[in-house]
Each structure stands twice: as structure tokens, then as C-alpha cells.
Amino acid sequence: MRTTLFAALLLTSPFAVGSAVAQPFPFNEAGVTNGHFHLNSKDVAANEKILVAMGGKAFTAGARRRVNFPGVMVILDAAPGTPPPSAGSVGSVVDHIGFSVQNVQEQVAKWKAAGVLVAPSNTGRLDQAYVNTADGLKIEILENKNQSMAIQSEHVHFFLPEQAIGPSQAWYGKIFGAKAALSNNAPVANLPGAQLRFRKVDTALAPTKGRVLDHLGFDVKDLKAFIKMLEANNIKLDRPYSLNNEGIGIAFITDPWGAYIEINERPGQK
């Protein structure tokens, strides 16, 4: 129901499928929407080929290679001079990202024919599969027969010690307006374009920065006002406010558990 509603909203958005800039879903009440996943790819062309075969639309902007999906943009390359990724997504606080499709088995057959390596569910589920890139990005694929688009952004999966799950769910609610809920009796926090999911692990895992999934990106309506809210909540900026050559406002923070986060204000996005 959640993704179906977002899909319907997206079709009326000025950033609907085909936009060459971004594919966010409409902002929530806090003025936040899922924006992008930023990779530090060992092989940009290889990752682009995989994501395009999965249904994304490739383009280049600001000298960066990108692939758009409804609900998220994937930026494939890090800034010039960035060291190669230290490790894959598994083993970090963000174990994997997730997309949903209308029919997993149909899509898996198409992707395999296009040369994408797809692993089946480790529990035998036919409505679940995994794509693992050569440089260690783990992507979960789930089925939603009710969505209107062939593929769209679905979730971000945090792996946290049990005592951190409740505080993390609450933190993302307070800071980004993510709506707390339960899914399959597990706590989640819903943002436009991504459900934040939490899985219990025995020990704290590594931060995301420097790995193949270097950081998550959220778009906001008013970045300067958002930064004032961060400061009021004693949240330190890892990188202060700046404007890039495309006129996009940028700032960075790290959540209390090690997820590196870019916050953007994009021109004309309301």
C-alpha cells in the first residue's frame, strides 16, 4: 500500500520517470524525501551496466555517472582522487539497499539474460532475490504486484545491535520525519522512496564511509533551515553547507551508528 501510494504520487510529480535530474518521490511533512545512493565503484562501467539492465536510466551530470530509478538516483563514482572502496556493503551498518519489482521471477530471467548475476533467496522464497556486484554492493529484490512501475526504490536495511534499533528508528523519525511502523513484526521507519529497516546483529558494524556504498542521500526542501534544526539537536556537520556547480545545496552528517549521509537541496524541487 505504501509503495503504491508513492508510485501514484510520483506520476503527478514534476520529477516523474524520464527526468534527467532526479527521481524523488514527493516530500514528507518534514520536507524530506529519499534522494540518492552514492557508490564508490571500483568499476563504474560494470555497475552502470548492471543497474541499467535492472531497469535504471543512465546519464551523466556534473561529470558524474548516474542511474535513475523511481524513488532514487544512484551515483556511481566518487570524487576524483578518492581511494578505492575499502570493502563492500556487507559488514557495514548499511548491509544492503532494496528495490521492488512487479514479478521477481520474470525480472530475474530478464536480468540473467542480460548478464546480471542474480542469487536466489536463501530461504527459497520466489518473491525475493539478490544482486551482488563485483565490488560488493548487495541489492535485495522484493516483489510488489501492486506497484505501477517495473522497478522502484524500496528500502535501506540497517544492521544494528538490538539496543540501537529503537533509538535509530526514533532518531530518523525526529530528524528526517520518517514514520515509525512495524513490518512483519519488525520496526521500520518510512520515508518517501525508502523504508528504513532494522535487523539485529550481535556487535556494532563498520561505518559506511569509504566502502562501496559510501553514503545515503536525502533531499530536503530548505537545507539552510534543516541545518539550523540539526544544530539545535546538537548534530555536528561533517561537511558544512556549500553549493556545487549545478546549484545544489550540500551538507554531510553521520548518524550516531555510522551511516554517512548527504543532505541536498535541489533547485526547482518543491
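A pocket is an open set of points on a 1 Å grid over the protein atoms alone, with protein on both sides within 12 Å along at least five of seven lines, and its lining residues have an atom within 4 Å of a point. A volume is the space filled by probe spheres (1.4 Å) set on such points.

The model is predicted: local features need pLDDT of at least 70, side-chain atom pairs count only at pLDDT 80 or more, and totals for chains, interfaces and linings use all residues. Residues are numbered from 1 along each chain as its sequence is written, and side-chain values use heavy atoms, without hydrogens and water.

**View 1. The second largest pocket holds about 500 Å³ of space.** It is lined by 17 residues, and R125, E140, H157, N184 and R197 are the closest to its centre. Strands (DSSP runs of E, at least two residues, numbered from the N terminus) contribute to this lining, with at least two residues each from strands 7, 8, 9, 11 and 12.

**View 2. The largest pocket holds about 620 Å³ of space.** Of its 28 lining residues, H38, R64, A79, R239 and E262 are the closest to the centre. Strand 16 gives the most to this lining, three residues.

**View 3. Helix 4 (a DSSP run of H or I, at least four residues) spans residues 162–176.**

Methods:
Expected span 1.5 Å × (residues − 1).
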